[in-house]
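Biologist: Hi, I've got a new one to look at. Please walk me through it in plain words.

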Amino acid sequence: MNVDAIIESAVFKTGDSVYLQVQLISTRPVEDHIWAQDYKRDTRHILSLYGDLAKTVAREVEIQLTPQEDKYLTHEQTVDPEAYKAYLNGQFHWNKLSKAGMDGAEYYYTLSRTIDPNYALAYAGLASVALVRAQFGLVPIVKQQLRYNVP
């Protein structure tokens with residue numbers, strides 16, 4: 001793969017909590033364990049967990065973040081756990097890159113948007129469904145319209 005290191009992780013969900021176990025492994029010159037850390041967050045704060053993880057990995061591999069990058073990764077954003085779960089289900093279906101997959105993805109992205117109308121990733125998911133449908137020739141580009149009205 002021609003990389004210097006890989007990140008390996010495991011995610012567990014129990015009740016309203018998410019547990020993330022992460023380790024950074026060097027691949028050169030030989031495989032070697034560099035760092036590991038466990039994270040625990042309320043599911044509403046899953047997005048801040050990603051920011052904390054990115055900052056920690058950057059520090060471990062000695063990358064200096066700009067003040068803007070640090071601010072972006074520190075931004076506290078909450079998400080409704082059910083909206084996030086629906087979004088992830090949409091991602092699962094989207095990754096099938098098929099007509100049936102796009103139909104499933106649209107359903108789950110719309111569900112996510114319905115649960116939390118302010119959740120931007122749900123709208124981005126719907127836009128990506130429209131794009132893939134057009135690219136795959138599943139609908140004419142100029143006549144593309146999602147079945148659900150997006151405000």
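Predicted model: local features only at pLDDT ≥ 70, side-chain atom pairs only at ≥ 80, totals over all residues.

Biologist: Let's start with β2. Which residue stands opposite Tyr-19?
Modeller: Phe-12 stands opposite Tyr-19 in β2. Residues are numbered from 1 along each chain as its sequence is written, and side-chain values use heavy atoms, with hydrogens and water left out.

Biologist: Ok, how many bridges are there between β1 and β2?
Modeller: Ten, with β1 pairing antiparallel to β2, which covers residues 17–26. (Two strands pair if DSSP finds at least two bridges between them.) Ala-5 has Ser-26 in β2 as its bridge partner.

Biologist: And what's in the turn of that hairpin?
Modeller: Two residues sit between β1 and β2, and Gly-15 in the turn has a positive phi of about 60°.

Biologist: What about β2 and β3, how many bridges there?
Modeller: Ten bridges, again in the antiparallel sense. Ser-26 turns up here too, opposite Asp-32 in β3. The hairpin from β2 to β3 goes through five residues. That loop holds Pro-29, and a cis peptide bond joins Arg-28 to Pro-29, with omega about -5°.

Biologist: So what does the whole sheet look like?
Modeller: It's an open sheet of three strands, ordered β1-β2-β3, with antiparallel pairing. β1 (5–14) and β3 (32–42) are the edge strands, each pairing on one side only. Ignoring direction, neighbouring strands are turned by 15° against each other on average. (Axes are lines fitted to C-alpha atoms, for helices over the stretch in contact, and angles run from 0 to 180 degrees between N-to-C directions.)

Biologist: Which helix packs on the sheet?
Modeller: That's α1, residues 46–60: it touches β1, β2 and β3, and its direction makes about 160° with that of β3.

Biologist: Who else does α1 pack with? I mean α2: at what angle do they cross?
Modeller: Roughly 145°, and the axes of α1 and α2 (residues 67–74) come within 8 Å. On the α1 side you have Gly-51, Asp-52, Ala-54 and Lys-55, meeting Asp-70, Leu-73 and Thr-74 in α2. (Contact means heavy atoms within 4.5 Å.) The residues of that contact divide into two nonpolar, two polar and three charged. (Ala, Val, Leu, Ile, Met, Phe, Trp, Tyr, Cys and Pro count as nonpolar, Asp, Glu, Lys and Arg as charged, and the others, Gly among them, as polar.)

Biologist: New topic: how do α3 and α4 pack?
Modeller: α3 (residues 81–94) and α4 (residues 99–115) pack at about 165°, axes 7 Å apart. That makes α3 roughly antiparallel to α4. (Under 35 degrees is roughly parallel, over 145 roughly antiparallel, 65 to 115 roughly perpendicular, the rest oblique.) Among the residues that meet are Ala-83, Ala-86 and Trp-94 in α3, and Met-102, Leu-111 and Ile-115 in α4. The contact of α3 with α4 has ten nonpolar, seven polar and one charged.

Biologist: Last one: how many aromatic pairs are there?
Modeller: Three. One of them is Tyr-87 with Tyr-119, edge-to-face at 5.9 Å centre to centre, with 80° between the planes. (Rings of Phe, Tyr and Trp, its six-membered ring, pair if their centres lie within 6.5 Å; planes under 30 degrees apart are stacked, over 60 edge-to-face, the rest tilted.) This pair links distant parts of the chain, 32 residues apart: Tyr-87 is in α3, and Tyr-119 is in the loop between α4 and α5 (120–135).

Notes:
Helix = DSSP H or I, 4+ residues; strand = E, 2+ residues; numbered from the N terminus.
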